[in-house]
Amino acid sequence: MKPAPARGIPGFDDLSLDWLRARGSVKWHRPKRDVLPAWVADMDFPTPPPVVAALYEAVDRHDLGYPDWPDGSPLRSVFAKRMAERHGWAASADRVREQTDLIQCLQLVLHLATSDADAVAVQVPNYPPFLATLQTMNRRIVPIPMEDTDDGWRMDIAALDTAVKRSGCKALVLVNPHNPTGRVLTQDELVEIAAIARRHDLLVISDEIHAELTYAPHRHIPFASLSDDAAHRTVTLTSATKAFNLAAIRCAVTHYGPDRLLALRDAQPPDLYGTVSPLGVIATQAAWEHGDAWHRDLLTVLDRNRRRVHEVVSSRLPLVRHHLPEATYLAWLDTRPLGLGEPPVEKVLRDGRVLLDGGAPFGPDADGFLRLNFATSQDLLDEILARVTAALGGREG
Ligand SMILES: Cc1ncc(COP(=O)(O)O)c(C=O)c1O
């Protein structure tokens, strides 16, 4: 493989504002010039060199014709191999279908497997486009709370059992690792959820996009790997876009456990849901096959950053509740004890000139929360934290 051009690719901690502001993508493009963005889930880091090299190579070959994928894209077997290597899950390449992103994956599965007004269980808070999807598709949202305990965020699994029984849910949308809390469900918790799914014959739609952003000693376990029963009732959604910072490539995979659903999927008009771009497949393949060295360095930097956020929030904003995330590069901060009298996202933007995600779109009762994206350089993170703590009336650092 042709090496990536070495010049012009900065290190993880070597990001200049001019370099970041030259991006056309939304995180840096939308905010005003004096604002530091720590909102949308894109990382500030450069694209992994093996991905850059693979994309350059395709463009250098002028290889932008129709793809030759009579049996599906090469990603199907690449995905299955990666799941086996990283998680010991024997995913089947034959059960993989490509989509442009996880929201499309979710919408398609809901469209095929559920009907108007069907009840669907989902953790709250949650990734806003998933909640919006359920609303616009007129599925009844059955909220399963994530609870803030002294030991961290916990999914209320007992509530799942009761709610599913009471509401007659058809499906569970499980986001694990969880956005926005960063919680990684343990084997015991997953087994409990799988037993509930079996008891109530639930389809489990498992979003595992943050799996490769799990910090040791926590361990991601694919839901479909739990048992034969789980394998047959689980649709797994993932992509390389979070862990390798590739949101623009528009490429994701769905692994269909249930035979009936896979058959329904394959009975759809072949182009109704689009075809992924070969460049998206090339980028994903390069990330999954050649990106591990970059990814190890990434996790070292993110681990340092998550601890930095925790240390600064604990010492300068002791009233703000925050748990060290077990995965993701997102910090979920409960500012309600500060009694601000206005949404914290507005105060931080106005007084601190930092754009964060406000809690409101993540679900009911979340408007006093902030989601802070810490996937940036050490210097920028320190500047962001200094501004945010000052805007929220925190102690001097
Ligand atoms: C839990 C979760 N699912 C899905 C997505 C969507 O990712 P993509 O648009 O790259 O498919 C995100 C993005 O942040 C996410 O956090």
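Modeller: Helix H13 is followed by Arg353, whose phi is positive, near 55°. Helices (H or I, at least four residues) and strands (E, at least two) are DSSP runs, numbered from the N terminus. The model is predicted, so local features need pLDDT of at least 70 and side-chain atom pairs count only at pLDDT 80 or more, whereas totals for chains, interfaces and linings use all residues. Residues are numbered from 1 along each chain as its sequence is written.

Arg353 is not a glycine, yet has this positive phi. Most residues other than glycine have a negative phi, and most peptide bonds are trans. Arg353 sits in the loop between H13 and S11, and it counts as partly exposed because it has 16 C-beta neighbours inside 10 Å. On this scale a residue is buried if 20 or more other C-beta atoms lie within 10 Å of its own, exposed if 12 or fewer, and partly exposed in between, with C-beta atoms placed from the backbone.

H13 itself covers residues 344–352, and its buried residues are Pro344, Val345, Val348 and Gly352. Seen down the axis, these buried residues fall within an arc of 105°, so they line one face of H13; the arc is that of the directions from the helix axis to the C-beta atoms. Glu346 and Arg350 are exposed on the other side of H13. The buried residues of H13 pack against strands S11 (354–355), S12 (357–358) and S13 (369–373) and against helix H14 (378–391), where contact requires C-beta atoms, placed from the backbone, within 7 Å.

The 13 residues of H8 (residues 187–199) should span 18 Å at 1.5 Å a residue, and its end C-alpha atoms are 18 Å apart, which agrees; the expected span is 1.5 Å times one less than the number of residues. Its buried residues are Leu190, Ile193, Ala194, Ile196 and Ala197. These cover an arc of only 160° around the axis, which puts them on the same side of H8. The exposed residues Asp188 and Arg199 are carried by the face turned away from that buried side. The cover over the buried residues of H8 includes helix H7 (157–167), strand S6 (171–175), strand S7 (203–207) and helix H9 (228–233).

H8 is followed by Asp201, again with a positive phi, near 50°. Asp201 is found in the loop between H8 and S7, and counts as exposed because it has 10 C-beta neighbours inside 10 Å.

The bond from Asn179 to Pro180 is cis, with omega near 20°, and Pro180 lies in the loop between S6 and H8. The bond from Ala216 to Pro217 is cis as well, with omega near 10°, and Pro217 has its place in the loop between S7 and H9.

Definitions and conventions: Contact = placed C-beta atoms within 7 Å.
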